[in-house]
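Subject: Structure handover

Hello,

Here is the structure I promised to pass on. Please open it next to this email, and then read my notes below.

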Amino acid sequence: MPKTVIDLCRSKSSENRATVADAALRGHCTGDELWATLDAYPRSPGNARARELLEEASSLSESIGESLTKRAVVEAGVARPGSRHAPLLQQVAFHDARGFIGRVDIFIPTLGLVIEFDGNIKYADGGAGQQETINRELAREKRLKNLRLTVVRIVWNDLFGGAAVAIIRRAAEEIEEQIRAGFAVYSGEYVECAPEFEVEQGVIDLAILRKKRWRDAGRLY
């Protein structure tokens with residue numbers, strides 16, 4: 001598994017390279033294993049691409065769409081995971097005076113910008129259930145905006161059509177212009193949530209065994 005992930009991350013042509021590292025970290029292998037595998041082949045072409053993707057990788061991306069949306073934020077130059085100046089946070093929960101509002105996909109604190117990937121699955125039922133879901137989402141978004149948060153929604157067409165990067169960059173530029181004009185973005189509390197998935201014991205045992213093999217081989221410190 002780690003070698004396959006790194007090979008895909010090195011690839012210039014693979015459309016999956018922005019998502020495989022996130023998916024692998026959701027219970028299939030550890031970050032240490034991925035880094036050790038990358039370092040074990042220091043002269044392989046594409047190592048710079050793979051290193052960049054590993055630096056952004058996170059088990060907090062809960063779907064392919066969220067992984068691609070995160071990548072679009074990075075490509076837009078708006079924020080980056082682990083950055084001190086413009087951090088990109090995932091799975092962040094907000095509250096207001098009424099209580100819990102919800103957990104958002106991506107939050108950029110320096111801009112008060114919330115970015116949600118909207119796969120439209122939750123709207124597919126039709127009828128009264130669909131309208132109820134839409135109303136609930138609109139109410140949730142309104143509460144977020146009342147906190148002085150800007151909410152941007154990204155859909156599949158934005159990702160596959162190439163518009164996502166421009167949408168995110170434009171939203172960031174508008175916020176930066178508002179900040180220069182004296183607008184105060186959200187500076188209140190928020191909670192960074194842990195990944196919501198369970199790892200089977202067999203997967204844990206395999207990860208431990210692989211880690212021991214890498215350490216015994218002198219490739220993991």
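A residue counts as buried under 20% relative accessible area and as exposed over 50%, with partly exposed in between. At 24% relative accessibility, R153 is therefore partly exposed. Please keep in mind that this is a predicted model.

**Overall make-up**

The chain has nine helices and five strands. From the N terminus, the order of elements is α-α-α-α-α-β-β-β-α-β-α-α-β-α. Of the 221 residues, 46% are buried. The accessible surface is about 12,400 Å², and carbon and sulfur atoms account for 51% of that. Take the contacts between residues at least 6 apart in sequence: 65% of these join residues at least 24 apart.

The five strands form an open sheet with mixed pairing, in the order 4-3-2-1-5. At its edges are strand 4 (150-154) and strand 5 (191-192), each of which pairs on one side only.

Strand 1 (residues 89-96) and strand 2 (residues 99-108) run antiparallel and are joined by seven bridges. The hairpin between them has two residues. D96 stands opposite G99, and H95 has F100 as its bridge partner.

Strand 2 also runs antiparallel to strand 3, through three bridges. Here I108 stands opposite L113. The hairpin of strand 2 and strand 3 has four residues between the strands, and in it G112 takes a positive phi near 60°.

How enclosed is strand 2? Largely, because eight of its 10 residues are buried.

Helix 8 (residues 164-180) lies across strand 3 (113-117) and strand 4. Its angle to strand 4 is about 175°.

Helix 4 (residues 47-56) has N47, A50, L53, L54 and E56 buried. These buried residues pack against helix 1 (2-10), helix 2 (17-25), helix 3 (31-39) and helix 5 (64-75).

A57 sits in the loop between helix 4 and helix 5. Beyond its neighbours within four places in sequence, A57 contacts A21, D22, L25 and K70. A57 and A24 are 33 residues apart along the chain, yet their C-alpha atoms are separated by 9.2 Å.

**Salt bridges**

Side chains of opposite charge can pair when their charged atoms come close. The whole structure holds 17 salt bridges. Several are worth a look on screen.

- R10 and D7: the closest N and O atoms are 3.0 Å apart. The two residues are three apart in helix 1, so about one helical turn separates them. R10 is buried, at 6% relative accessible area. D7 is partly exposed, at 33%.
- D118 and R153: the closest N and O atoms are 3.7 Å apart. D118 lies in the loop between strand 3 and helix 6 (127-146) and R153 in strand 4, so this pair ties together parts 35 residues apart in sequence. D118 is buried, with a relative accessible area of 5%.
- R153 and E137: this salt bridge is 3.1 Å, N to O. R153 is in strand 4 and E137 in helix 6, so the pair ties together parts 16 residues apart in sequence. E137 is buried, at 15% relative accessible area.

There is also a network: E52, E56, R71, E75 and R80 are joined by salt bridges that share partners. E56 is one of the buried residues of helix 4 mentioned above.

Best wishes

Terms used. Residues are numbered from 1 along each chain as its sequence is written. This is a predicted model: local features need pLDDT of at least 70, side-chain atom pairs count only at pLDDT 80 or more; totals for chains, interfaces and linings use all residues. Side-chain values use heavy atoms; hydrogens and water are left out. Two strands pair if DSSP finds at least two bridges between them. Contact means heavy atoms within 4.5 Å. Axes are lines fitted to C-alpha atoms, for helices over the stretch in contact, and angles run from 0 to 180 degrees between N-to-C directions. Buried means under 20% relative accessible area, exposed over 50%, partly exposed in between (1.4 Å probe, protein chains only). Accessible areas come from the Shrake-Rupley method with a 1.4 Å probe; for residues, only the protein chains shown count as cover. A salt bridge is a side-chain nitrogen of Lys or Arg within 4 Å of a carboxyl oxygen of Asp or Glu.
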